[in-house]
Amino acid sequence: MLESIRRLLAWSVDPVKWAAECCGWQADAWQSEALYSRRHLILLCSRQSGKSTTTAALCAHRALARTDQTIVIVSPGQRQSSETFLKAVKFVRPSLDAFG
């Protein structure tokens with residue numbers, strides 16, 4: 001029980017650790033920097049570099065770690081927003097399973 005609490009606390013302050021240990025996703029260096037960012041982000045990246053996945057991980061972690069926040073996913077098209085939302089759900093599910 002105590003180990004579960006320690007792990008939960010570690011995951012709540014370290015999104016990169018959470019993504020790797022709980023969700024099985026290893027962030028690249030630039031993705032880790034984005035996940036640790038405490039400011040608004042503008043990502044200038046090539047196609048297929050992982051922007052949606054990084055954004056989804058960030059949204060999921062913030063939603064789990066900071067329950068007083070509202071997360072809004074906005075993009076030029078509904079398809080893009082839906083894709084990011086579904087990726088975020090895939091990040092949230094292992095967390096819910098880990099702590100029931």
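Predicted model: local features only at pLDDT ≥ 70, side-chain atom pairs only at ≥ 80, totals over all residues.

Q: Where does Cys23 lie?
A: Cys23 is in the loop between α2 (15-21) and α3.

Q: And which residues does Cys23 touch, leaving out those up to four places away in sequence?
A: Those are Trp18, Phe91 and Pro94. The C-alpha atom of Cys23 is also 10.0 Å from that of Ala98, although 75 residues separate the two along the chain.

Q: Nice. Switching to Thr53: is Thr53 buried or exposed?
A: Thr53 is buried, because its relative accessible area is 18% and the cut-off for buried is under 20%. You'll find Thr53 in helix α4.

Q: What is Thr53 in contact with, leaving aside neighbours within four places in sequence?
A: Thr53 is in contact with Trp25, Lys87 and Phe91. Phe91 is also touched by Cys23.

Q: Which other residues of α4 are buried?
A: Besides Thr53, the buried residues in α4 are Thr54, Ala56, Ala57, Leu58, Cys59, Ala60, His61 and Arg62.

Q: How does the span of α4 work out?
A: Helix α4 has 15 residues, 51-65, and at 1.5 Å a residue these should span 21 Å. The end C-alpha atoms of α4 are 21 Å apart, so the two values agree.

Q: How do α3 and α4 sit relative to each other, roughly parallel or roughly perpendicular?
A: The axes of α4 and helix α3 (residues 29-36) cross at roughly 30°, so α3 and α4 are roughly parallel to each other. Their axes come within 10 Å, and the crossing is right-handed.

Q: Which residues meet there?
A: From α3 you have Trp30, Gln31, Ala34 and Leu35, and they meet Lys51, Thr54, Ala57 and Leu58 of α4. The residues of this contact divide into 5 nonpolar, 2 polar and 1 charged.

Q: Last topic: where does Ile5 lie, and how far is Ile5 from Leu35 in space?
A: Ile5 is in helix α1 (residues 2-13).

Q: What is the relative accessibility of Ile5?
A: It is 40%, so Ile5 counts as partly exposed.

Note on methods
Residues numbered from 1 in each chain as written. Heavy atoms only, no water. Helix = DSSP H or I, 4+ residues; strand = E, 2+ residues; numbered from the N terminus. Expected span 1.5 Å × (residues − 1). Buried < 20%, exposed > 50% of the residue type's maximum accessible area, 1.4 Å probe, protein only. Axes fitted to C-alpha atoms, helices over the stretch in contact; angles between N-to-C directions. Parallel < 35°, antiparallel > 145°, perpendicular 65-115°, else oblique. Left-handed = near helix turned anticlockwise from the far one by under 90°. Contact = heavy atoms within 4.5 Å. Nonpolar A, V, L, I, M, F, W, Y, C, P; charged D, E, K, R; others polar.
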